[in-house]
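Please examine the sequence and the three-dimensional structure shown here. The paragraphs that follow lead through selected residues and then turn to a pocket.

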Amino acid sequence: MDNKSQSERRNGAGALLAVACGAPFLVALDLFVVNVAFDDIAKDFGGARLTSVSWTLSAYAIVYAALLIPLGAASDRLGNRRGFIGGVVVFTAASALAACAPTLGVLIAARVLQAVGAAALTPASLALLVTSVPPERRAGAVRIWAATSGMAAALGPVVGGILVQFSWRTAFLINVPIGIAFVIA
């Protein structure tokens, strides 16, 4: 293999690593960003009770956890690339819906759809890494993939706090251009 081919392969592997880690990072970040937006969401929806607003977080977490294994298995059968792209598309479209939700019920429904997309893309992203990265670099790639969720957990409240300064809707809207970029990449 010539130097140009090796360079192209490294660039392709780097892009795959960025996308395969970036999408689950966005998924985990989205779980934690909402925590700091509760009060603003409640105000925007006519003083909704925090117990009702908390379903924006609970519905996402429950559906995400419940669907990880079945959607991971479906992705294995249908193809991990297809599962990943489908998951990103659903997550991104649901983020747009959440950003413009006219009612709390629509916001919660959008969060459920986000969780469906998240549960599809997360295992597919890991499978894409494991099957695409050469064996000698696989362990490092998987470690990076795993570390991104921890970083998202730490950064979520901070990023959420910054985004909520503009509007709680920004916390969801920011996912749209990023999700489109992931699909294109």
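W168 is located in the loop that joins α7 (135-164) to α8 (170-173); helices here are DSSP runs of H or I with at least four residues, and strands are runs of E with at least two, numbered from the N terminus. The model is predicted, so local features need pLDDT of at least 70 and side-chain atom pairs count only at pLDDT 80 or more, while totals for chains, interfaces and linings use all residues. Residues are numbered from 1 along each chain as its sequence is written, and side-chain values use heavy atoms, with hydrogens and water left out.

Is W168 buried or exposed? Its relative accessibility is 3%, and therefore W168 counts as buried; buried means under 20% relative accessible area, exposed over 50%, and partly exposed in between, with a 1.4 Å probe and protein chains only. Not counting residues up to four places away in sequence, W168 touches A37, D40, I41, D44, F45, A98 and L107, where contact means heavy atoms within 4.5 Å.

From W168 one may turn to Q114, which is 54 residues apart from W168 in sequence and 16 Å apart in space, C-alpha to C-alpha. Q114 belongs to helix α6 (residues 104-132). Because its relative accessibility is 0%, Q114 counts as buried. Leaving aside neighbours within four places in sequence, its contacts include D30, Y60, F91 and F172.

The cysteines come next. A disulfide is a covalent bond between the sulfur atoms of two cysteines. The structure holds zero disulfides, a disulfide being identified as a pair of cysteine sulfur atoms within 2.5 Å. C21 is buried, because its relative accessible area is 5%, whereas C100 is exposed, with a relative accessible area of 53%.

Finally, consider the largest pocket. On a 1 Å grid over the protein atoms alone, a pocket is an open set of points where a 1.4 Å probe fits, with protein on both sides within 12 Å along at least five of seven lines, and lining residues have an atom within 4 Å of a point. The largest pocket is lined by 12 residues, of which L16, V19, R81, F84 and A185 lie nearest its centre. Two or more lining residues are given by each of α1 (3-33), α5 (80-99) and α9 (175-184). The largest share, four residues, comes from α1.
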